[in-house]
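Subject: Structure handover

Hi there,

Here is the structure I promised to pass on to you. Have a look at it first, and my notes on what I found follow just after.

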Amino acid sequence: MSNPLFNEFSGVSAKQWKQKIQFDLKGADYNETLITRTLEGIDIKPFYHSEEVDPLAVAISNTPWKVAQRIEVTDEVTANKKALNAIKDGVEALDFIINSPTINLQTLLENIATEKIQLYFSPQFLSVAFVQQLNEVASAKNSTVFCDQDFIAQLARTGNWYENLEKDHAKLASISQLSLKNVSVISVDSTLYQNAGANAVQQLAYALSHANEYLNFLEKNERLDILQNNPLRFKVAVGNDYFMEIAKLRALRILYKTLAEAYHIPTNCYILAEPSKRNKTIYDYNLNMLRTTTECMSSVLGGADAICNLPYDSLYHPSNEFGDRIAKNQLLILKHESYFDKVANPADGAYYIEELTRQLAQKALSLFKQIEEGGGFLNQLKEHNIQRKIKENAALEQELFDSGKRVLVGTNKYENPQDQMKDSLEKSPFPEKKSRKTIIEPILEKRLAENWEQQRLAKEK
């Protein structure tokens, strides 16, 4: 039933809106006053109108997003107990960090209803035997699991392969030849790029080019078919630019769809999102809860399949029950009390987000093409072009932070001088400097607040 009240109001064009804004500015320049340019080279306008936005078809997952928790496996019994407690408290997905290929998977997964709980495995190694064993366990339980075998992320993060180029590629080739009906092994960990200071366009282009290395590899080995039923997984870090991060995840699906179509494989991908470390702090650390909450909200609205929250105290405390519980409860509140699981694609039709998504996708695709023309992602890593570009953008971000133009409350603005942290550090919040030989320059994570925090710690009595 139409409401005749609204018939009294005529539509307002984009031109009329701009004229009205210009009038209210009383002579001030519209572009200088109201338009902001991001580090991605995107102009943020004061308003967006349907006349100026082309709606995008973004492939969002039809399944509700899952609450995930990460568990480092030092011994199977302890990790299993922790996993069962997490499931009891509402966790729907588990990400196991595996440090040894000899781990007993039967013990680790005992009493876990794998048909209901999504399982991720993040081995810190490459192992054909481990993947084969995991596939047998998953087949017996009739469940599908993700198992990262991302040696490119290893190279980017450490500067070295697990063993060397030939052996790592040979192992992945052997893994791809297995009959993997229940294990997805092709994954891209792009969290490093965000945590090291890359902007959103760079993150998308690097993630896509990173993925393209694996698709090229599978095509040469005639094993693209392993992606028919088990999609490629992206692990993505989400920062604090709320709308930009929503658009980033949406753009990632568009970009992967474009890439997958070129290889004639299914165009769906799986996104596991987590908050960035880049803007987290040790001083006024409770603010980390606010930061991770909005970042998790961006992840939901951007269409992540699962979200693994970052405990507010993870920078200076080892994994602990209280920090894990708070992180988990943040997601449970978003899902069950804030109803963030009730709409499949809530950002559809939001002109600002649609335009951000379009521009991010276009700029990232252009950068991706440049990388491919330069020999591909691995070649660009070896020539240190990726590292250089990330460091350049990170330096711009650091300059904004140091000058106070980019604010972290409690650190470079409204800081509490009485806040003392020296005696509370149970682990170092700063990256350890290791002297080792590498074949390429590694991409190093760095938080914006590190230098400030080190200065404050040195002044504490």
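Helix H9 passes helix H10 in a right-handed crossing. Please keep in mind that this is a predicted model. The axes of H9 and H10 come within 10 Å and cross at roughly 25 degrees. Since angles under 35 degrees count as roughly parallel, H9 is therefore roughly parallel to H10. On the H9 side, the residues that meet H10 are Ala200, Gln203, Leu204, Leu208, Ala211, Asn212, Leu215, Asn216 and Glu219. Their partners in H10 are Met244, Lys248, Ala251, Leu252, Leu255, Tyr256, Leu259 and Tyr263. By class, the contact of H9 with H10 has twelve nonpolar, three polar and two charged residues.

H10 (residues 242-263) also packs against H13 (residues 351-373): their axes come within 8 Å and cross at roughly 50 degrees. That angle makes H10 oblique to H13. Here, too, the crossing is right-handed. From H10, the residues in contact include Phe243, Ile246, Ala247, Arg250 and Ile254, and among those they meet in H13 are Tyr352, Ile353, Leu356, Leu360 and Phe368. The residues of this contact of H10 with H13 divide into 16 nonpolar, one polar and three charged.

Which elements each supply at least two residues of the lining? They are strand S1 (36-37), H9 (200-220), H10 and helix H15 (385-402), so you will meet both H9 and H10 again here. The largest share of the lining, three residues, comes from H15. By class, the lining of the second largest pocket has ten nonpolar, eleven polar and eight charged residues.

Happy browsing, and do write back with any questions.

Best wishes

Key
Residues numbered from 1 in each chain as written. Predicted model: local features only at pLDDT ≥ 70, side-chain atom pairs only at ≥ 80, totals over all residues. Heavy atoms only, no water. Axes fitted to C-alpha atoms, helices over the stretch in contact; angles between N-to-C directions. Helix = DSSP H or I, 4+ residues; strand = E, 2+ residues; numbered from the N terminus. Parallel < 35°, antiparallel > 145°, perpendicular 65-115°, else oblique. Left-handed = near helix turned anticlockwise from the far one by under 90°. Contact = heavy atoms within 4.5 Å. Nonpolar A, V, L, I, M, F, W, Y, C, P; charged D, E, K, R; others polar.
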